[in-house]
Amino acid sequence: ISTWTQLITAAPGSQPDPETKTGTTVLGAKVIGAHAGVDSYQIFASSLAGMEQSLQAPQNSLLASKDFEQAITPLPTPNRGYLYLNWAASRPFLAQRFPLLRVIEVAGEPFFRHLRSLSLTSYGTDSQVQRSQIFIRLT
């Protein structure tokens, strides 16, 4: 598992450092994201708990999800992998990280109200043009 972290500091300690005779500062890390590879799939999570849940629950995996299967079925094979976004599950996280998304949602309200998922794949190049396909699933 690889992680992206933000370094944080705690208040200086009450015990002086014997070498410098000054207080010590404790350095820690806050996990911002995590990445792991399982078989031929790459998993990204916003927390270690989320990553642990993904790795320990193969029976509830994305590959076993009917929604995921329906989202990738229309995409061409072979391909170079998928980017899959379940809108209902991802929206709160994305809205928190990208405040501009709320403005975009208001402007495109009829679309976002019915959006279920978005799937994207890349399946090669032709004359130096990257070929990709997107599938948008609406309710």
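View 1. Helix H3, which spans residues 87-97, has Trp87, Ser90, Leu94 and Ala95 as its buried residues, where buried means under 20% relative accessible area, exposed over 50% and partly exposed in between, with a 1.4 Å probe and protein chains only. These four names lie on the same side of H3 because they cover an arc of only 135° around the axis, the arc being that of the directions from the helix axis to the C-beta atoms. On the other side of H3, Ala89 and Gln96 are exposed. Helices (H or I, at least four residues) and strands (E, at least two) are DSSP runs, numbered from the N terminus. This is a predicted model, in which local features need pLDDT of at least 70 and side-chain atom pairs count only at pLDDT 80 or more, while totals for chains, interfaces and linings use all residues. Residues are numbered from 1 along each chain as its sequence is written, and side-chain values use heavy atoms, with hydrogens and water left out.

View 2. The backbone oxygen of Asn86, in turn, lies 2.9 Å from a polar atom of the side chain of Ser90. Ser90 has its place in helix H3 and counts as buried because its relative accessibility is 18%.

**View 3. The packing of H3 and its crossing with H4.** The buried residues of H3 pack against strand S4 (82-86), helix H4 (100-107), helix H5 (109-114) and strand S5 (115-126), where contact means heavy atoms within 4.5 Å. Between the two helices H3 and H4, Trp87, Arg91, Leu94, Ala95 and Gln96 in H3 meet Leu101, Arg102 and Glu105 in H4. The axes of H3 and H4 come within 7 Å and cross at roughly 130°; axes are lines fitted to C-alpha atoms, for helices over the stretch in contact, and angles run from 0 to 180 degrees between N-to-C directions. H3 and H4 are therefore oblique to each other, since angles under 35 degrees count as roughly parallel, over 145 as roughly antiparallel, 65 to 115 as roughly perpendicular and the rest as oblique.

**View 4. The open sheet of S4, S5 and S6.** An open sheet is formed by 3 strands in the order S4-S5-S6, with antiparallel pairing; two strands pair if DSSP finds at least two bridges between them. S4 and strand S6 (129-138) are the edge strands, each pairing on one side only. Antiparallel S5 and S6 are joined by 10 bridges, and Leu118 has Ile136 in S6 as its bridge partner. H3 packs on this sheet, touching S4 and S5, and its direction makes about 80° with that of S4.

**View 5. The pairing of S1, S2 and S3.** Strand S1 (residues 2-9) pairs with strand S2 (residues 27-38) in the antiparallel sense over 8 bridges, and the bridge partner of Thr9 in S2 is Leu27. S2 also pairs in the antiparallel sense with strand S3 (residues 41-45), over 5 bridges, and here Gly37 stands opposite Gln42 in S3. S2 and S3 form a hairpin with 2 residues between them, and Asp39 in the turn has a positive phi of about 55°.

Key: Polar contact = N/O pair within 3.5 Å; in protein donor to acceptor, adjacent residues only side chain to side chain.
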